[in-house]
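Welcome! Please take a friendly walk with me through the structure shown below, from its open spaces to its sheets.

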Amino acid sequence: MGGSARLHARRARTAPAPPRDIEAPAVPDVTGLVLLDADAAVSCPVRTHNRFDPAVPDPGPGAAGQDGRPADEPTAARRATEAFRGRVLDALAAMPRAVDLRWLEHDWPGRFQATARAVAAGRRVIIGPALPPDAAGGRIGEPDALVLGEPAAGGGHGYDPVLVVRHQVLEPASSARDQRASSLARGLRLVRVRGTAVRPSREHDLLRLAHHRRVLESAGWAGGGAAYGGLIGTDRIGYERGVATVRRSPRRQAPPNRQLVLVWADLEAKRLRAEARTAGRGWRAHSALERYDHEFGFRRRIAVEAAARTPSPRVRPIVTAECQGCPWWSCCRPQLADDDLSLCIDKARPSAREIGLLRAMGVWTVGDLAGRDVDELLAALTPQVARPDETARRVRLAARRARMLRDGRTVERTTSGPLRLPPPGYAIDLDIETSADDTVYLWGFLVDDPDEPAGPRYVPFARFAELDRTGERELAREALCWLDERLAAHPGARVYHYSDYEVIHIRRIARTSDDPLLTGFARSRCRSNFSDLFGVVRANFFGVHGLGLKCIAHDGAGFSWRDGQAGGLNSQSWFDEAVHADEPERRRAAARRVLEYNEDDVRATRALRAWLRALE
């Protein structure tokens, strides 16, 4: 029996059973119905079309996204998200009068009937529910949980939907404003979090909650009164004299349950901006429910038309960040020209709406944009968008990059004269690797000693294991003690890094430690011996694909990584495999892959230094 099966079996033995003395409704027949889930309203409409068009082949398991990786591959970030969701739902399942239906995960009919019995019995919390399909609205819903709310409008028990998300959902607001929430540490007792509000930027979360609200309304299970939906994120909440406040979170590591709250979002509050051509400001404020109804209605029409094979689909592929891990990429890519604007501009890319508006003006390709008057384009474009200044910035940058691509350039110098670099000499290039929860598990150094005939030497300090804060500090102390000794032996030596990522983590680790070596290193060495090459590059260069180390070291210095999939997010997945893979050889191979990637990063930093010096 696999780990997942054992977990479900354990839950089946320990979770409170759904009430059996209430007659469950018949399982609905959804054969032939066009039903969309909560992700439809926040995902690419072309994806919806492809899913329901019988003429589009199903990509099947293992289909790759734009990044070349299988879209269904369990990445480190996905594992961390699922682990956080599982921990939070376990805490909810331990609440009084809760029922946990996750053990019925693969039995939708059984879970639907168990959900209906739990609702009829008025259970306080229902984990892993299956909601009745909304045949008229074309919806199906499975929120992470339901929490008992105000009685339903038609009588009976009413519920509010809850989602668990691995990111923060609150933002600072007026000090006089309190955010309605329920504390996990206090048995879901209602609290007011001072000076905060739900972030409007979490629109995807809010629209998914709105979807589940509509499904509950269709079933007659929605709580009466205000339309609330709950989000449990990674916001850290502290209590002083009975008042709840948000605590500063120095890292992405999920806080303990005692610091978590279920944040209640008012789905009828008009806090979301949407473009409106007839509005004087170019946008109008909408509630999450209003915004959801518009987005979902559009995608449902697409799905119905696709299922009926209606000619001339409403949508055409536009490359967005979602394409990276979309299994339908192999279907969409042949529909895009090789010089399609959304395909070629991958840094500060115009939004899907902006690309659509540009296409309506005849701008489809890099060449089209490079040959147009940007001011004329913006005069027609900005009145149709919610944030004209942001749109203008993106389109101007895209036009600049389009001209560079037309002229065969990917990096250009924006200044003249000598570059401000430390004098050559003994140098150490530094790059760290972090896991999905932002824990530093690898410190990589390249010792570049001009007097060493053998050339630069790579020195890693790594722990391929799940490190807690103590383990992270111990590894950092070992690495920085070694580095401090090198710097003491070579006065005037420089430590080169790219961006302030390494310094931020050194200071974070030192701040949570009482180790004098770490605190002293952060206070002195980071100021006196460290040099950030990104600052030099940012002040003097512009790149078609941005100024990240991968881009500037390759396009400028001509450096190439050994691994064709080199990247920070991929390295997190390799680390996850190095720690958790079943076969020892797979673990060793993944660890070697991480080390080679880190070594290439520090060698790329050295190659960048050499290139910059050659330009002086």
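The second largest pocket has a volume of about 1900 Å³. This is a predicted model, so to speak of local features a pLDDT of at least 70 is needed, side-chain atom pairs count only at pLDDT 80 or more, and totals for chains, interfaces and linings use all residues. Residues are numbered from 1 along each chain as its sequence is written, and side-chain values use heavy atoms, with hydrogens and water left out.

A pocket here is an open set of points on a 1 Å grid over the protein atoms alone, with protein on both sides within 12 Å along at least five of seven lines; a cavity is a set where a 1.4 Å probe fits but cannot get out, and lining residues have an atom within 4 Å of a point. Volumes are the space filled by probe spheres set on the points, which are joined across faces, edges and corners.

Around the second largest pocket there are 47 lining residues, and Arg291, Glu295, Ser351, Ala352 and Arg353 lie nearest its centre. Elements giving two or more residues to this lining include α2 (45–52), α5 (203–219), α6 (288–307) and α12 (388–406). Helices (H or I, at least four residues) and strands (E, at least two) are DSSP runs, numbered from the N terminus.

The largest cavity is lined by 14 residues, with Cys44, Val46, Cys323, Cys326 and Cys332 nearest its centre. Both α2 and α7 (329–332) give two or more residues to that lining, and α2 provides the largest share, three residues.

The table sets the two spaces side by side. Ala, Val, Leu, Ile, Met, Phe, Trp, Tyr, Cys and Pro count as nonpolar, Asp, Glu, Lys and Arg as charged, and the others, Gly among them, as polar.

| Space | Volume | Lining residues by class |
|---|---|---|
| Second largest pocket | about 1900 Å³ | 20 nonpolar, eight polar, 19 charged |
| Largest cavity | about 110 Å³ | ten nonpolar, two polar, two charged |

The axes of α5 and α6 are 9 Å apart, and the helices pack at an angle of about 80 degrees. That makes α5 roughly perpendicular to α6, a label for angles of 65 to 115 degrees. Axes are lines fitted to C-alpha atoms, for helices over the stretch in contact, and angles run from 0 to 180 degrees between N-to-C directions. Among the residues that meet are Leu206, Leu207 and Arg214 in α5, and Leu289, Tyr292 and Phe296 in α6; contact means heavy atoms within 4.5 Å. Seven nonpolar, one polar and six charged residues make up this contact.

Now for the strands, where two count as paired if DSSP finds at least two bridges between them.

Strands β6 (residues 178–183) and β7 (residues 189–194) are antiparallel over six bridges, with alanine 181 bridging to valine 191. Five residues separate the two strands, and glycine 187 in the turn has a positive phi of about 65 degrees.

Strands β10 (residues 236–240) and β11 (residues 243–247) are antiparallel over five bridges. Glutamate 240 has valine 243 as its bridge partner. Two residues lie between these strands, and arginine 241 takes a positive phi near 55 degrees.

Definitions and conventions: Parallel < 35°, antiparallel > 145°, perpendicular 65-115°, else oblique.
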